[in-house]
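User: I'm new to reading protein structures, and I'd like a close look at one part of this one. Could you take me through a single helix and then show me what holds other parts of the chain together?

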Amino acid sequence: MVETILWTDAGVVMIDQRYLPHKQEYVTCRTYLEMVDAIKTMVIRGAPAIGVAGAMGVALGVQEGADFDTVCDTLAATRPTAVNLSWGVERMRRLRATLNGHDILPRMIAEAKLIREEDIAICQAIGRHGADLVVDGKTVLTHCNAGALATAGYGTALGVIRAAVSAGKKIDVFADETRPFLQGARLTAWELQQDGIPTTVITDNMAGYFMKKGQIGCVVVGADRIAANGDVANKIGTYSVAVLAKENGVPFYVAAPVSTFDLNMASGDKIEIEQRPHREVTHVFDAHITPVDIGIQNPAFDVTPNRYVTAIICENGVARAPYETSLRALAGC
Ligand code: MRU
C-alpha cells in the first residue's frame, strides 16, 4: 500500500496528491512553512492525513527553531474544516508543555511519528468494525477519497472496504468522481485498482440513478468533523448522496476516527466550511473549462444532518442514533 507521509532525516516526505494517478511524485518539506503550503495546496489532504502532517509540521518548526506558538497557530489555521489538523497540532502543543528543556526535538519527532503509526492502527480497527456492516455480494458507493491517501495508511471508508474484502466478502465499489478536485476519480480509483478491488468510477450526478435501480448496497464515506449530535462535515456532495440514500432505502455509513469527533460542537451548523480557489472549478488540470470571468463558488465541504446517517463507525465500535449519547460513549467521555 502507498506511503502517504513519512518522517525522514531529509524532511517530511509525502506523495504529491495533486498529480495522481498519472504522475507519482514526492514532495519533501523541510520547514513548517513548506508544510503549511503542502497542506494548503493539497499535496496532502484528507482529515487524518493532515492531522499527521500538522503534527510533523510542528516537529519541523521545532527543528528549525521557529517560534513555537506561531508554528502551531499557523499550521492549525491552514485548513479550517477538518478538526484532525488542529487535533494533531494541539497534541504536540500539550506534549511540548510537559517538556522542561530536555530532549525537546527528539520527543516532538517521536510523538509525530507515533501519531502516524497510531493512525494506521486506528484505520485497521475502523475497518474491522465496519466490515460486518457491508453485505457480501453487494456494491459499496463511496464519495471523495477516504483511503490510504487520506490517512497515514489503510483508510477509513476504504479501510472498511479493505477489511470486508479481507474477510472474504465479494464486493465491488462505485467511486463518485468528486468534482472539483476529483479525489474519487483520481485517488480512490487508483488505490482500489492497486488492491485489485473491482471499482467503477461514476460522475457525481449518477449516484441517484444507480441507487434507484437497486444497484447500491450501502454508502460508506469518511468525515472531516463530526458534531456531538452526529451531524457530519465531509467533502462537498456528501449531503446530496446521503439524501439520495435515504430516499432509496440505502444505508449511509460514516467511517472516522474519534479524533474527527468534535464533541464541543453541539451541531453541524457552526462548522466552518472552507472556501477553495475558483481555479479548481474553472480548470481540470491545465484545461480551462468555463467561460472566462464567469461567477464561481467552491465550498469544499458540506454538512449532512444526523437524520441521514445510519451509523458512524470508529475505532471503538459503531455508533447509532441518538448520537448525543453513543458518540460520547465511544469517545470515552
Ligand atoms: O479536501 P479533502 O480532499 O481534504 O477532503 C477530504 C474528505 O472530505 C474526506 O472524505 C475526509 O477527510 C475523510 S478522509 C479519511
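**A close look at helix α7**

Analyst: Let's start with helix α7, which covers residues 183-194 in this predicted model. This helix has 12 residues and reaches 16 Å from its first C-alpha to its last, close to the 16 Å expected at 1.5 Å a residue.

How many residues of α7 are buried? The count is 9 of the 12, so α7 is largely enclosed by the rest of the structure. The buried residues are Gln183, Gly184, Arg186, Leu187, Thr188, Ala189, Trp190, Glu191 and Leu192.

What covers the buried residues of α7? The cover includes the strands β2 (11-15), β4 (139-142), β5 (172-176), β6 (199-202) and β9 (232-235), along with helix α6 (157-166). Just after α7 you will find Gly196, which takes a positive phi of about 75 degrees.

Now step back to the whole chain. The domain assignment gives domain 1 (5-122) and domain 2 (130-331). Their centres, taken over C-alpha atoms, are separated by 24 Å, and the contact takes 27 residues from domain 1 and 30 residues from domain 2.

Next come the links between charged side chains. A search of the whole structure finds 13 salt bridges. One of them pairs Glu274 with Arg79 at 2.8 Å, N to O. Glu274 lies in the loop between β11 (261-262) and α10 (279-282) and Arg79 in the loop between α3 and α4, so this pair ties together parts that are 195 residues apart in sequence. Glu274 is buried, with a relative accessible area of 8%, and Arg79 is buried too, at 5%.

Another salt bridge joins Glu118 and Arg91, whose closest N and O atoms are 2.8 Å apart. Glu118 is in helix α5 (residues 104-131) and Arg91 in helix α4, so the two connect parts that are 27 residues apart in sequence. Here Glu118 counts as partly exposed at 28% relative accessibility, whereas Arg91 counts as buried at 14%.

Glu315 is buried yet has no salt bridge, and Arg91, the nearest side chain of opposite charge, is 9.1 Å away. A polar atom of the Glu315 side chain does lie 3.0 Å from the backbone nitrogen of Val258. Beyond its neighbours within four places in sequence, Glu315 is in contact with residues including Ile122, His129 and Pro257.

Technical notes. Residues are numbered from 1 along each chain as its sequence is written. This is a predicted model: local features need pLDDT of at least 70, side-chain atom pairs count only at pLDDT 80 or more; totals for chains, interfaces and linings use all residues. Side-chain values use heavy atoms; hydrogens and water are left out. Buried means under 20% relative accessible area, exposed over 50%, partly exposed in between (1.4 Å probe, protein chains only). Lys and Arg count as positive and Asp and Glu as negative; His and the chain ends are not counted. A salt bridge is a side-chain nitrogen of Lys or Arg within 4 Å of a carboxyl oxygen of Asp or Glu. A polar contact is a pair of N or O atoms within 3.5 Å; within protein, one must be able to donate a hydrogen and the other to accept it, and residues adjacent in sequence count only if both atoms are side-chain atoms. Contact means heavy atoms within 4.5 Å. Helices (H or I, at least four residues) and strands (E, at least two) are DSSP runs, numbered from the N terminus. The expected span of a helix is 1.5 Å times one less than its number of residues. Domain bounds come from an automatic or database domain assignment.
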